[in-house]
Amino acid sequence: MCTIGIAYEARLGSIRMSFSNFSDKQSALSLGFRRDYIDVYNLAWGYDYHDKNRSVFSGPGLLTRQTLKDGIRKGRDGAGSVFVKGAGNGGYGGDDCNADGYTTSIYTITVSSLNSVNRRHWYSERCSAILATTY
């Protein structure tokens with residue numbers, strides 16, 4: 001069965017970046033790219049990235065924070081861009097997505113994952129910032 005969902009007629013874009021060496025400026029340019037066309041931005045760093053149990057918060061730099069703020073105010077013709085961030089893939093190592101400044105940003109929606117028996121995946125991180133969970 002097909003139905004209209006929360007992202008009806010949304011436009012998606014893909015920008016390949018190398019997480020290991022991108023700067024605040026590159027991140028800001030990517031997350032602000034084609035704000036007139038892209039509705040939903042998926043902030044996914046890839047399978048191997050995790051915070052390795054750091055207690056120090058990592059997250060967006062000054063330029064990227066401003067880009068996220070501008071996006072939610074001005075994107076989608078004033079309706080606001082949607083920035084979706086996965087909870088993280090470091091659950092197998094005990095990582096906690098509360099230590100990820102992108103995940104805990106007020107400008108992002110954090111999503112976690114379930115397996116086929118409605119349990120948290122072994123790799124999925126836990127944290128209080130998770131707003132939704134899906135397969």
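Buried means under 20% relative accessible area, exposed means over 50%, and partly exposed lies in between. Those cut-offs sort several residues of this predicted model. Arg 34, at 41% relative accessibility, therefore counts as partly exposed.

**Helix H1 against helix H2**

- Two packed helices are described by the angle between their axes and the distance between the axes.
- Helix H1 spans residues 24-31, and helix H2 spans residues 62-74. Their axes lie 7 Å apart, at an angle of about 15°.
- That angle makes H1 roughly parallel to H2, because angles under 35 degrees count as roughly parallel.
- The crossing of H1 past H2 is left-handed.
- H1 brings Asp 24, Lys 25, Ser 27, Ala 28 and Leu 31 to the contact. H2 brings Leu 62, Leu 63, Thr 64, Thr 67 and Leu 68.
- By type, the residues of this contact are five nonpolar, three polar and two charged.

**Loop between H1 and strand S1**

- Arg 34 sits in the loop between H1 and strand S1, which covers residues 40-43.
- Arg 34 is not a glycine, yet its phi is positive, at about 50°.

**Loop between H2 and strand S2**

- Asp 77 belongs to the loop between H2 and strand S2 (82-86).
- The phi of Asp 77 is near 55°, a positive value in a residue other than glycine.
- Asp 77 has 74% relative accessibility, so it counts as exposed.
- Ser 81 is also found in the loop between H2 and S2. At 7% relative accessibility, Ser 81 counts as buried.

**Disulfide**

- One disulfide turns up in a search of the whole structure. Cys 97 is joined to Cys 127, with an S to S distance of 2.0 Å.
- The link of Cys 97 and Cys 127 is left-handed, with -90° about the S-S bond.
- Cys 97 lies in the loop between S2 and strand S3 (109-113), and Cys 127 in the loop between S3 and strand S4 (130-134). The pair therefore ties together parts that are 30 residues apart in sequence.
- Cys 97 counts as buried, at 0% relative accessibility. Cys 127 is buried too, with a relative accessible area of 16%.

How values were computed: Residues numbered from 1 in each chain as written. Predicted model: local features only at pLDDT ≥ 70, side-chain atom pairs only at ≥ 80, totals over all residues. Heavy atoms only, no water. Axes fitted to C-alpha atoms, helices over the stretch in contact; angles between N-to-C directions. Helix = DSSP H or I, 4+ residues; strand = E, 2+ residues; numbered from the N terminus. Parallel < 35°, antiparallel > 145°, perpendicular 65-115°, else oblique. Left-handed = near helix turned anticlockwise from the far one by under 90°. Contact = heavy atoms within 4.5 Å. Nonpolar A, V, L, I, M, F, W, Y, C, P; charged D, E, K, R; others polar. Buried < 20%, exposed > 50% of the residue type's maximum accessible area, 1.4 Å probe, protein only. Disulfide = S-S within 2.5 Å.
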